[in-house]
Amino acid sequence: MKRSQINAALQQARGLCADYRFALPGWAGWTLADHRANPDQSRFLTDRQIGWDVTDFGSGDFARRGLALLCIRNGIQGDPAERPYAEKLLIVGEEQETPFHCHQVKLEDIIVRGGGTLMVEFTPDGSLPLGPWDPRIDGRAVDPFGGPIAVTPGASITIPRGLQHRFWGKAGSGTVFAAEVSQCNDDRNDNFFLEPLGRFSTVEEDEPALLPLWNEVTL
């Protein structure tokens, strides 16, 4: 993925936050120099995978298969002294797919805060037998295998642990401004893709970075 694409995705995400008057924490605007000037706080953030994340899942086509997100708070999976919860922002373009994947540890809700409609699809293929497959929209049970499920602005969907799922923005509805609240998140070890995909992109440095992604911060 080109750095210019990452920069454009970050600019769009920050612009949407401004449009929806969603105030970002100060560190969300930190450059690498800012991280190095604040090593203790920076280490706290990066140890917990808190920060910006832009990926094309190795597809080479971010507009078709990719995701921009900001992890705002998180703990460390497996550490009982840590926060057991996480919060993210998700920016999902029209027909931009996050491919089928599931989580062994994390149970999550995805909330559409504004913008377009989020389409969510489930499959039993590659899923983990970790409990009942009972996705719900605001407490209302939905059939996980009856076809794509539309999550409209203001609604939320619970993603069962272990169930393979993918999502994308509905064509013609606009960019989806979504959030995720979940159990503690670990993007290095708790994503199980149906296809042999990578969670993080290999970056082609065609221009300077606007802001570093959380997994790029080095002190």
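This is a predicted model: local features need pLDDT of at least 70, side-chain atom pairs count only at pLDDT 80 or more; totals for chains, interfaces and linings use all residues.
**Cavities**

My search of the whole structure gave three cavities of 30 Å³ or more.

I then listed what lines the largest cavity. The lining has 18 residues, and Leu67, Thr98, His101, Glu180 and Asn191 lie nearest the centre. Strand 2, strand 3, strand 4 (98-102), strand 5 (108-115) and strand 11 (164-169) each give two or more residues to this lining. Sorted by class, the lining of the largest cavity holds seven nonpolar, five polar and six charged residues.

Next I took the second largest cavity, which holds about 80 Å³ of space. Its lining counts 14 residues, with Trp27, His35, Gly51, Trp52 and Pro212 closest to the centre. Helix 3 (39-47) and strand 1 are the elements that supply two or more residues here.

**Nonpolar cores**

I went on to the largest nonpolar core. It has 24 residues, and Trp27, Trp52, Val54 and Leu70 touch the most other members. Trp27 and Trp52 were also in my entry on the second largest cavity, among the residues closest to its centre. Two or more core residues come from each of helix 1 (3-19), strand 1 (51-55), strand 2 (67-73) and strand 3 (85-92). Helix 1 gives the largest share, six residues. I noted another core lying apart from this one; it has 22 residues, including Leu69, Ile159, Phe167 and Ala178. As a general note, nonpolar side chains in soluble globular proteins tend to be buried together.

Beyond its neighbours within four places in sequence, valine 54 is in contact with Met1, Ile6, Ala9, Leu10, Phe62, Leu67, Ala68, Ser201 and Leu213. Of these contacts, Leu67 is already in my notes as one of the residues nearest the centre of the largest cavity.

In helix 3 I found Ser42, Leu45 and Thr46 buried. They lie on the same side of helix 3, because they cover an arc of only 90 degrees around the axis. The buried residues of helix 3 pack against helix 2 (32-37). Just after helix 3, I noted a positive phi of about 60 degrees at glutamine 49.

Glutamine 49 came up again when I turned to the largest pocket: Thr46, Asp47, Gln49, Arg188 and Trp214 lie nearest the centre of this pocket, out of 16 lining residues. I recorded a volume of about 180 Å³ for the largest pocket. Its lining divides into three nonpolar, eight polar and five charged residues.

**Asparagine 74**

My last entry is on asparagine 74, in the loop between strand 2 and strand 3. Is asparagine 74 buried or exposed? Its relative accessibility is 0%, so asparagine 74 counts as buried. Leaving out residues up to four places away in sequence, asparagine 74 touches Arg48, Gln49, Ile50, Arg83, Tyr85, Ala86, Cys184 and Asn185. I also checked asparagine 74 against aspartate 47: 27 residues separate the two in sequence, and their C-alpha atoms are 9.6 Å apart in space.

Methods: Residues are numbered from 1 along each chain as its sequence is written. Side-chain values use heavy atoms; hydrogens and water are left out. A nonpolar core is a set of buried Ala, Val, Leu, Ile, Met, Phe, Trp, Tyr and Cys residues joined through side-chain atoms within 4.5 Å. Buried means under 20% relative accessible area, exposed over 50%, partly exposed in between (1.4 Å probe, protein chains only). Helices (H or I, at least four residues) and strands (E, at least two) are DSSP runs, numbered from the N terminus. Contact means heavy atoms within 4.5 Å. On a 1 Å grid over the protein atoms alone, a cavity is a set of points where a 1.4 Å probe fits but cannot get out, and a pocket is an open set with protein on both sides within 12 Å along at least five of seven lines; lining residues have an atom within 4 Å of a point. Grid points are joined across faces, edges and corners, and a volume is the space filled by probe spheres set on the points. Ala, Val, Leu, Ile, Met, Phe, Trp, Tyr, Cys and Pro count as nonpolar, Asp, Glu, Lys and Arg as charged, and the others, Gly among them, as polar. The arc is that of the directions from the helix axis to the C-beta atoms.
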